[in-house]
Amino acid sequence: MSKAMISYEIQIDGILSERWANGIFDELAFSCTPGKVTTIQVSVPDSAALRGLVNHLWDFNLSILSIQKLQPEHDQTSREDYNEN
């Protein structure tokens, strides 16, 4: 039985080239915004693998702006945004 993968979206300060990112990380999707932020979408088997990826980004002196766990497509529950009002 294979382990379920967990998907994350990681935002990096700066623009990574596709050639650079594909040479370092396997099987990830990424895009860059005009505001010079690179968004990486990656699936990992567990938190240890996520930490390994984060450590790798740190080793390359990349500034991580955010890490967000993505809801699985088959999960119909919606995430509620926190609002103090």
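Student: Where is S47 found?
Tutor: S47 is in helix α2. Keep in mind that this is a predicted model.

Student: Is S47 buried or exposed, and why?
Tutor: S47 counts as exposed because its relative accessibility is 57%, and the cut-off for exposed is over 50%.

Student: How far apart are S47 and I6?
Tutor: In sequence, 41 residues separate S47 and I6. In space, their C-alpha atoms are 8.8 Å apart.

Student: Back to α2. What does the helix lie across?
Tutor: Helix α2 lies across β1, β3 and β4. Its angle to β1 is about 15°.

Student: OK, the sheet. How many strands, and in what order?
Tutor: There are 4 strands in an open sheet. The order is β2-β3-β1-β4, with antiparallel pairing.

Student: Which are the edge strands?
Tutor: β2, residues 29–33, and β4, residues 63–69. Each of them pairs on one side only. From one strand to the next, the twist averages 20°.

Student: How many bridges join β2 to β3?
Tutor: Strands β2 and β3 are joined by 5 bridges. In that pair, A29 stands opposite Q41 of β3.

Student: And over how many bridges do β1 and β3 pair?
Tutor: Over 8 bridges, again in the antiparallel sense. Here S7 faces S43 of β3, standing opposite it.

Student: That leaves β1 and β4. How many bridges there?
Tutor: β1 and β4 are joined by 6 bridges and run antiparallel.

Student: Which residue in β4 is the bridge partner of I12?
Tutor: I64 is the partner of I12 in β4.

Student: What else does I12 touch?
Tutor: Leaving out residues up to four places away in sequence, I12 touches K36, V37, T38, I40, L57, L62, S63, I64 and L65.

Student: Which residues make up the largest nonpolar core?
Tutor: I12 is one of its 12 residues.

Student: New topic: T38. Which strand is that in?
Tutor: T38 sits in β3.

Student: Why does T38 count as buried?
Tutor: Because its relative accessibility is 0%, and buried means under 20%.

Student: So what lies 2.6 Å from a polar atom of its side chain?
Tutor: The backbone oxygen of G14 lies 2.6 Å from a polar atom of the T38 side chain.

Student: Which residues does T38 touch?
Tutor: Beyond four places in sequence, T38 touches I10, Q11, I12, G14, I15, L16, F30, S31 and C32.

Student: Different spot. Where does N61 lie?
Tutor: N61 is in the loop between α2 and β4. Its phi is near 60°, a positive value in a residue other than glycine.

Student: Is N61 buried or exposed?
Tutor: N61 counts as exposed, because its relative accessibility is 68%.

Student: Now confidence. What pLDDT does the chain average?
Tutor: The chain averages 78, and 69% of the residues score at least 70.

Student: Which element has the lowest mean pLDDT, and which the highest?
Tutor: Helix α1, residues 18–24, has the lowest mean at 62. β4 has the highest at 95.

Student: Where does pLDDT stay under 50?
Tutor: Over residues 75–85. For that stretch the model has 3 contacts beyond four places in sequence.

Methods:
Residues numbered from 1 in each chain as written. Predicted model: local features only at pLDDT ≥ 70, side-chain atom pairs only at ≥ 80, totals over all residues. Heavy atoms only, no water. Core = buried A, V, L, I, M, F, W, Y, C linked by side-chain atoms within 4.5 Å. Buried < 20%, exposed > 50% of the residue type's maximum accessible area, 1.4 Å probe, protein only. Contact = heavy atoms within 4.5 Å. Pairing = 2+ DSSP bridges. Helix = DSSP H or I, 4+ residues; strand = E, 2+ residues; numbered from the N terminus. Axes fitted to C-alpha atoms, helices over the stretch in contact; angles between N-to-C directions. pLDDT = per-residue confidence, 0-100. Polar contact = N/O pair within 3.5 Å; in protein donor to acceptor, adjacent residues only side chain to side chain.
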